[in-house]
Amino acid sequence: MTGPDSALAPYAVVAPAGARPVGTPPFWAPGTEVMWRFRDHGWAPGLPETATPMRVVRDDERGTVAWLAPGTVHLTKRYADGAGLRDVPLERRFHTEQHRVQALTRWTGAGILRIAPAGRPWSVWLFWDTPDGGADADWVFEGWYVNLENAHVRSGTATFTGDHVLDVWVDADGTISMKDEDELEAAVAAARFTPAEGEQVTANGRWARAAVDAGEWPFDPEWTRWRPDPTWTIPTLSRDERWDLDLTGLDLT
């Protein structure tokens, strides 16, 4: 299936010179530690980003599959007054006066399998309920979270994308629902996106829904049965990536 006309993404993501699209060689070997980076519309060096260390499950012409392990410490963003991104009322959330700063946090709850399909303006996150961190047989697949974002490009051991606010949720039984349509409207109202960019995101959402309906990869049973290698350790941030952040109360061992 072909995508919407014109560019797949409403804006370009800043990435190192020579970054290549996901799905093109050379590919990462399974088990490689990589960094999954989100950079906002208008990002420039020195501005905060989200960067999550993950471990490669598979990487080939179809795209990149990576595991976010429970307990992973990653770079994230918050407001300067300490509020989380969703703590600010929607009507003010995307205005420039809400200054965002770099922060650190630890991923809590079950791990997530993330898949960045080549040439698609989204990634697919698989969620499971894992009671008490139970054995493989206790895992219950909950659904696919389709995060609308730029088609990934990578450089070195990092992959780069930018979030598009609008998302799609697909229950394990195949029921599809849109998420955060109000946030996209607020982002356009605050001029974070232009009206044309907002329309592109909405078109990509329709494309994602059609991909789900068509059973395109990775919306098939293959990955719902996947389990992580029990010998894998949790990837870590380098000290250079966290040298100037407040580590108070955060165990990074």
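**Figure 1. Pairing of strand 2 with strand 3 and strand 11 in the predicted model**. Phe38 stands opposite Thr50 of strand 3. Strand 2 and strand 3 (residues 50-60) are antiparallel and share six bridges; strands, like helices, are DSSP runs numbered from the N terminus (strands E, at least two residues; helices H or I, at least four), and two strands pair if DSSP finds at least two bridges between them. With strand 11 (residues 158-161), strand 2 pairs in the parallel sense over four bridges. In that pairing, Met35 has Ala158 as its bridge partner, and Trp36 has Thr159. Five of the six residues of strand 2 (residues 33-38) are buried, so the strand is largely enclosed by the rest of the structure. Buried denotes under 20% relative accessible area, exposed over 50%, and partly exposed in between (1.4 Å probe, protein chains only).

**Figure 2. Strand 11 and its hairpin with strand 10**. In a regular strand the side chains alternate between the two faces of the sheet. Strand 11 is covered on both faces: Ala158 and Phe160 are buried on one side, and Thr159 and Thr161 are buried on the other. Strand 10 (residues 153-155) runs antiparallel to strand 11 and is joined to it by three bridges. Arg154 has Thr159 as its bridge partner in strand 11. Two residues lie between the strands of this hairpin, in which Gly156 adopts a positive phi near 60°.

Figure 3. Thr50, Lys77, Leu85, Arg86 and Asp163 are the closest to its centre among the 32 lining residues. A pocket is an open set of points on a 1 Å grid over the protein atoms alone, where a 1.4 Å probe fits, with protein on both sides within 12 Å along at least five of seven lines; lining residues have an atom within 4 Å of a point. At least two lining residues come from each of strand 3, strand 5 (73-79), strand 6 (100-106), strand 9 (140-149) and strand 12 (163-171). The lining comprises nine nonpolar, nine polar and 14 charged residues (nonpolar: Ala, Val, Leu, Ile, Met, Phe, Trp, Tyr, Cys and Pro; charged: Asp, Glu, Lys and Arg; polar: the others, Gly among them).

**Notes.** Residues are numbered from 1 along each chain as its sequence is written. In this predicted model, local features need pLDDT of at least 70 and side-chain atom pairs count only at pLDDT 80 or more, whereas totals for chains, interfaces and linings use all residues; side-chain values use heavy atoms, with hydrogens and water left out.
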